[in-house]
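Here's a quick briefing to read alongside the sequence and the 3D view. Have a look at both, then follow the notes topic by topic.

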Amino acid sequence: MSNETHETAGSAQEDVAVSGDGFALRVRVLNEQGLHARPAARLAQEAQKFACDISLAMGDEVVDAKSILDILTLAAGHGSELELRAAGPEARDALAHLGTLIRNRFR
């Protein structure tokens, strides 16, 4: 059995906060290899399913969460703190879904 710490406190839906004209959700990259090609592709594919604008921020850098290439430019490694931001009709649902995906290590 692994000694890894699992982030399970609260659901992603509960952690989505109102931010300006949309919503925001803070997450930590938990998978060992960070946001490499496969998880970045999965994140972009899942983000594209929602009718809203979604961005991903790490520090001062903000990218389009619907673009795999943009996500890869963040070079977010294991343990990186990210903020998902969304505005539009499905913003809250999108962040809850993507937050769960990240917390479950893209499984």
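Starting at the N terminus, the chain's elements run α-β-β-α-β-β-α-β-α. That gives four helices and five strands, where helices (H or I, at least four residues) and strands (E, at least two) are DSSP runs numbered from the N terminus. This is a predicted model, so local features need pLDDT of at least 70 and side-chain atom pairs count only at pLDDT 80 or more, while totals for chains, interfaces and linings use all residues. Residues are numbered from 1 along each chain as its sequence is written, and side-chain values use heavy atoms, with hydrogens and water left out.

**The sheet as a whole**

- Five strands make an open sheet in the order β1-β2-β5-β3-β4, with antiparallel pairing; two strands count as paired if DSSP finds at least two bridges between them.
- β1 (17-19) and β4 (61-64) sit at the edges with a single partner strand each, so one side of each has no neighbour in the sheet.
- On average, neighbouring strands of this sheet are turned by 30° against each other, direction ignored; the axes behind such angles are lines fitted to C-alpha atoms, for helices over the stretch in contact, and angles run from 0 to 180 degrees between N-to-C directions.
- As background, strands of a sheet pair through backbone hydrogen bonds, either parallel or antiparallel.

**Strand by strand**

- β1 and β2 are antiparallel and share three bridges; Val18 stands opposite Phe23 in β2, and Ser19 stands opposite Gly22.
- These two strands, β1 and β2, form a hairpin with two residues between them, and Gly20 in the turn has a positive phi of about 60°.
- Six bridges link β2 (residues 22-28) to β5 (residues 81-87), again in the antiparallel sense; Ala24 is opposite Arg85, and Arg28 has Glu81 as its bridge partner.
- On to β3 (residues 53-58), which runs antiparallel to β5 and is joined to it by five bridges; here Ile54 stands opposite Ala86.
- Which residues partner Ala57? In β5 the bridge partner of Ala57 is Glu83, and in β4 the bridge partner is Val62.
- β3 and β4 pair in the antiparallel sense over four bridges, and they form a hairpin with two residues between them, where Gly59 in the turn has a positive phi of about 65°.

**Helix α4**

- α4 lies across β1, β2, β3 and β5, and runs at about 5° to β2.
- With 13 residues, α4 reaches 18 Å from its first C-alpha to its last, close to the 18 Å expected at 1.5 Å a residue; the expected span is 1.5 Å times one less than the number of residues.
- Its buried residues are Ala91, Ala94, Leu95, Ala96, Leu98, Gly99, Leu101, Ile102 and Arg103, with buried meaning under 20% relative accessible area, exposed over 50% and partly exposed in between (1.4 Å probe, protein chains only).
- Just after α4, Arg105 takes a positive phi of about 60°.

**The nonpolar core**

- The largest nonpolar core holds 28 residues, and Leu35, Leu43, Ile54, Leu56 and Leu84 touch the most other members; a nonpolar core is a set of buried Ala, Val, Leu, Ile, Met, Phe, Trp, Tyr and Cys residues joined through side-chain atoms within 4.5 Å.
- β2, α2 (37-47), β3, β5 and α4 (91-103) each supply at least two residues of this core, and α4 gives the most, with six.
- Setting aside neighbours within four places in sequence, Leu84 is in contact with residues including Phe23, Leu25, Ile54, Leu56, Leu95, Leu98 and Ile102; contact means heavy atoms within 4.5 Å.
- In soluble globular proteins, nonpolar side chains tend to be buried together.

**Ser80, a loop residue**

- Is Ser80 buried or exposed? At 15% relative accessibility, Ser80 counts as buried.
- Ser80 is found in the loop between α3 (68-73) and β5, and its side chain reaches the backbone oxygen of Gly77 at 2.8 Å.
- Leaving aside neighbours within four places in sequence, Ser80 is in contact with Val27, Arg28, Val29 and Met58.

**Whole-chain numbers**

- Of the chain's 107 residues, 41% count as buried.
- Among contacts between residues at least 6 apart in sequence, 68% join residues at least 24 apart.

Notes: Polar contact = N/O pair within 3.5 Å; in protein donor to acceptor, adjacent residues only side chain to side chain.
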